[in-house]
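Please look over the structure below before reading on.

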Amino acid sequence: MNQQSLALSPPQGGPLAALLDSPPSPYACYVLAHGAGAGMDHAFLAALAGRLCAQGVAVLRFQFPFMQQGSRRPDPPAVAQAAVRTAVEEAGKRFPGLPLFAGGKSFGARMSSQAQAASPLPGVRGLVFVGFPLHPAGKPGITRAAHLDGVHVAMLFLQGTRDALADLSLVQEVVQPLRPRATLHVVDGADHAFHVLVRSGRTDAQVLDELALAAAQWMRAQM
């Protein structure tokens with residue numbers, strides 16, 4: 001696996017740090033946006049990127065402006081969506097002709113889907129959501145998913161059964177009318193961070209293996 005450090009130039013603000021992990025001959029590239037609580041260097045995202053590379057998928061991670069600036073307050077949607085669009089455009093330049101996918105973890109998933117709904121991301125064939133944040137903790141609802149009707153590419157939802165930000169029954173309610181372009185992959189016993197309890201008999205590493213395999217196989221199916 002080859003890793004490169006990049007600098008992205010969004011329409012507003014200063015340059016954004018990015019990392020590109022690529023296998024020797026990738027068959028797809030996935031633009032992986034981070035969540036609200038941790039940046040692109042978080043161990044979970046780094047591990048997921050490494051596993052996806054092992055499956056033949058190049059992964060472009062990047063910092064949202066708020067994380068680049070050291071702020072705890074997530075960017076307004078328009079700013080975050082512009083960063084997603086810039087990262088996707090960079091991926092397209094790096095891998096011309098290669099199938100592109102976008103999405104990310106939690107906040108990154110939601111901002112990617114909002115960007116796609118507002119105006120299709122260039123070259124993107126599908127979105128992969130790693131824990132879509134359907135509602136705030138303790139406040140179940142589906143209003144955050146309303147924009148998904150405007151997403152006309154394939155979508156993969158990777159969701160844990162213990163996710164406090166995405167009640168599984170509500171996720172199923174959201175996904176059902178979006179089929180066949182939406183697919184739900186349920187990770188048994190995983191919470192929003194995709195941690196599993198010791199008594200589950202599984203490890204976090206095994207969950208990461210499952211996530212990477214499910215995402216890579218789904219991406220292949222879209223080609």
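## The largest cavity

The largest cavity holds about 40 Å³ of space, where a cavity is a set of points, on a 1 Å grid over the protein atoms alone, at which a 1.4 Å probe fits but cannot get out; a volume is the space filled by probe spheres set on the points, which are joined across faces, edges and corners. The search of the whole structure finds 1 cavity of 30 Å³ or more. This is a predicted model, in which local features need pLDDT of at least 70 and side-chain atom pairs count only at pLDDT 80 or more, while totals for chains, interfaces and linings use all residues. Residues are numbered from 1 along each chain as its sequence is written, and side-chain values use heavy atoms, with hydrogens and water left out.

Lining residues, which have an atom within 4 Å of a point, are here Phe132, Leu134, Ala145, Leu148, Phe157, Gln159, Val171 and Val174. Two elements, β7 (154–160) and α5 (168–175), each give two or more residues to this lining; helices (H or I, at least four residues) and strands (E, at least two) are DSSP runs numbered from the N terminus. By class, the lining has 7 nonpolar, 1 polar and no charged residues, with Ala, Val, Leu, Ile, Met, Phe, Trp, Tyr, Cys and Pro counted as nonpolar, Asp, Glu, Lys and Arg as charged, and the others, Gly among them, as polar.

## The largest pocket

A pocket is an open set of points with protein on both sides within 12 Å along at least five of seven lines, and the largest one has a volume of about 270 Å³. Of its 15 lining residues, Ala38, His42, Phe44, Lys105 and Ala193 lie nearest its centre. Helix α1 (residues 43–54) gives the largest share of the lining, 3 residues.

## Helix α4

In helix α4 (residues 107–118), 9 of the 12 residues are buried, that is, under 20% relative accessible area with a 1.4 Å probe and protein chains only. Among the elements that these buried residues pack against are α3 (77–94) and β5 (100–105).

## Arg61

Arg61 sits in strand β4 (residues 57–62), and it counts as buried because its relative accessibility is 3%. Its side chain makes a polar contact with the side chain of Asp21 at 2.8 Å, a polar contact being a pair of N or O atoms within 3.5 Å, where, within protein, one must be able to donate a hydrogen and the other to accept it, and residues adjacent in sequence count only if both atoms are side-chain atoms. A polar atom of the Arg61 side chain also lies 2.7 Å from the backbone oxygen of Met40.

Notes. Buried means under 20% relative accessible area, exposed over 50%, partly exposed in between (1.4 Å probe, protein chains only). Contact means heavy atoms within 4.5 Å.
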